[in-house]
2 protein chains.
Amino acid sequence: MTDPVAPLSPPEPSATRQPRKNNPEKTREDILQAAINEFVQQGLAGARVDAIAERTATSKRMIYYYFGSKEQLYVECLVKLYGDIRKTEQSLDLESLPAEQAIRRLAEFTFDHHDRNVDFVRMVCTENIHYGEYVKKSPAIREMSSLVLQALSSTLERGVKAGVFRPGIEVIDLHMLMSSFCFYRVSNRHTFGDIFQIDLADEQVKQRHRQMICDVVLSYIRA
Amino acid sequence: MTDPVAPLSPPEPSATRQPRKNNPEKTREDILQAAINEFVQQGLAGARVDAIAERTATSKRMIYYYFGSKEQLYVECLVKLYGDIRKTEQSLDLESLPAEQAIRRLAEFTFDHHDRNVDFVRMVCTENIHYGEYVKKSPAIREMSSLVLQALSSTLERGVKAGVFRPGIEVIDLHMLMSSFCFYRVSNRHTFGDIFQIDLADEQVKQRHRQMICDVVLSYIRA
DNA sequence: GTCTATAATAAGATAGAC
DNA sequence: GTCTATCTTATTATAGAC
């Protein structure tokens with residue numbers, strides 16, 4: 001098909017010996033995003049390296065070149081998605097608000113983030129199916145996450161001192177209460193929605209639940 | 001190894017031509033339980049039909065003989081696990097208790113059931129990763145599930161009439177509040193536990209959370 | 001109804017040219 | 001750094017004897 005000499009074709013535009021359109025940074029990012037999409041849709045076992053390659057502007061060979069294996073690629077996807085949530089969590093500026101309002105803002109943020117990042121939720125589900133063995137391999141994820149608890153903790157303290165919250169609340173438990181509701185609503189939307197005949201994506205239902213988790217948390221911790 | 005004639009061995013006990021030890025009912029149940037174990041551990045895509053066969057007293061051929069395909073076998077596993085929770089839910093006898101106590105019993109049951117049935121929780125996670133497309137195929141699961149909401153609904157009504165609960169609570173939302181906390185605690189124990197350094201299987205933590213979900217629900221609906 | 005052996009295919013990973 | 005072609009293994013599913 002391709003003639004080995006090509007004597008009549010025009011010369012290559014670049015004379016500085018650059019193979020074609022090399023952009024390692026972009027190629028790597030491109031693969032990572034394609035992998036997230038595939039893992040999120042198919043799970044770890046269900047994901048196909050070939051399928052990831054097809055979602056990419058590059059080839060399967062590059063996946064192994066940059067990431068070594070399917071598992072290592074998967075871990076990098078996890079780190080990226082956890083990084084996204086933790087970064088945005090820090091822009092909340094809870095200290096500037098009265099305790100009760102700060103709790104409300106945190107609950108609403110938690111709700112919104114899960115609602116908008118189905119990818120993150122699905123990835124965490126997949127990871128738990130695999131007994132969390134890949135998050136355990138990445139200390140970076142653990143380190144990023146302690147900040148939320150610190151922010152929540154100091155807010156609680158402020159509220160107790162101000163007399164609006166009752167003392168004795170465990171920070172981790174409160175965080176779990178918020179996370180579980182916001183997470184479940186997204187993670188289990190298919191089974192829950194089908195079985196109980198409710199459309200969890202509906203805007204009215206969504207606003208109701210957003211309000212609800214705030215009320216639930218506040219009624220629980222109020223003095 | 002086995003001699004084809006066996007002239008000195010004792011005669012077969014059954015003379016009525018029964019191949020070996022045929023017990024279709026038991027074989028089917030055996031396969032189903034083995035499949036649950038495999039699906040629960042590996043997910044749908046990760047589960048191997050060979051692995052299921054190895055967990056069985058019978059062979060891989062029988063899996064296809066009884067269930068047709070890996071997918072159909074998976075659906076039967078789902079139906080079985082959903083059936084288990086819905087059956088036990090009906091033995092709660094909430095009508096015999098004062099409204100507030102009935103809510104407490106339901107919350108505790110929900111907590112205990114999820115805590116004791118990790119298999120169920122993991123299977124539901126897997127199913128949601130697959131967009132719930134298999135529960136949708138089984139109307140039996142949907143039909144079984146409406147009973148919980150009915151029980152919760154009449155309990156709420158009683159409480160409102162008695163003046164202990166405030167009106168306007170959505171039944172489905174309350175059910176989701178209970179389910180989400182109880183479910184998440186089990187489904188996400190690996191990531192949550194590792195990231196926030198808490199052992200969710202610890203007996204003290206468990207009792208604290210069991211108490212907590214009751215308090216959360218009641219403080220939210222109390223008049 | 002049950003078993004062993006195998007067909008047909010698909011998947012993760014790599015070789016080697018450019 | 002990038003590409004195509006391919007190796008190796010494992011997987012779903014079935015054939016055919018008993």
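Residues are numbered from 1 along each chain as its sequence is written, and chains are lettered from A and ligands numbered from 1 in the order in which they are written. Because the model is predicted, local features need pLDDT of at least 70, side-chain atom pairs count only at pLDDT 80 or more, and totals for chains, interfaces and linings use all residues, while side-chain values use heavy atoms, with hydrogens and water left out.

Five cavities of 30 Å³ or more are present in the structure. A cavity is a set of points, on a 1 Å grid over the protein atoms alone, where a 1.4 Å probe fits but cannot get out, and its lining residues have an atom within 4 Å of a point. Grid points are joined across faces, edges and corners, and the volume is the space filled by probe spheres set on the points. The largest cavity holds about 210 Å³ of space. It is lined by 21 residues, of which A:R86, A:H175, A:S179, B:Y184 and B:F196 are the closest to its centre. Two or more lining residues come from each of α4 (70-89), α5 (99-116), α6 (118-129), α7 (139-162) and α8 (171-187) of chain A, and from α9 (189-195) of chain B. Helices (H or I, at least four residues) and strands (E, at least two) are DSSP runs, numbered from the N terminus. By class, the lining of the largest cavity comprises 13 nonpolar, six polar and two charged residues, where Ala, Val, Leu, Ile, Met, Phe, Trp, Tyr, Cys and Pro count as nonpolar, Asp, Glu, Lys and Arg as charged, and the others, Gly among them, as polar.

The second largest cavity contains about 170 Å³ of space. Among its 18 lining residues, A:Y184, B:R86, B:H114, B:F120 and B:S179 are the closest to the centre. The elements giving two or more residues to this lining are α9 (189-195) of chain A and α4 (70-89), α5 (99-116), α6 (118-129) and α8 (171-187) of chain B. Of these, α4(B) supplies the largest share, four residues. The lining of the second largest cavity divides into 10 nonpolar, six polar and two charged residues.

A:H175, in helix α8 of chain A, counts as buried because its relative accessibility is 8%; buried denotes under 20% relative accessible area, exposed over 50%, and partly exposed in between (1.4 Å probe, protein chains only). Residues up to four places away in sequence aside, A:H175 touches A:V148, A:L149, A:L152, B:F192 and B:F196. The C-alpha atoms of A:H175 and A:L149 are separated by 7.4 Å, although the two residues lie 26 residues apart along the chain.

In helix α8 of chain B, B:S180 is buried, at a relative accessible area of 0%. Beyond its neighbours within four places in sequence, B:S180 contacts A:S180, A:F181 and A:Y184. B:C182, also found in helix α8 of chain B, is buried with a relative accessible area of 1%. With neighbours within four places again excluded, B:C182 is in contact with B:A107, B:T110, B:F111 and B:H114.

The largest nonpolar core has 142 residues, and A:F39, A:I221, B:F39, B:L73 and B:I221 touch the most other members. Such a core is a set of buried Ala, Val, Leu, Ile, Met, Phe, Trp, Tyr and Cys residues joined through side-chain atoms within 4.5 Å. Outside four places in sequence, B:I221 contacts B:I103, B:L156, B:V164, B:F165, B:R166, B:I169 and B:L174.

Positive phi values were also examined. A:Q197, which is not a glycine, has a positive phi of about 55°. A:Q197 lies in the loop between α9 and α10 (203-221) of chain A and is exposed, at 58% relative accessibility. B:Y131, likewise a residue other than glycine, has a positive phi near 60°. B:Y131 is located in the loop between α6 and α7 (139-161) of chain B and is partly exposed, with a relative accessible area of 34%.

Conventions:
1 Å grid on protein atoms, 1.4 Å probe; cavity = no way out; pocket = protein on both sides within 12 Å on 5 of 7 lines; lining within 4 Å. Contact = heavy atoms within 4.5 Å.
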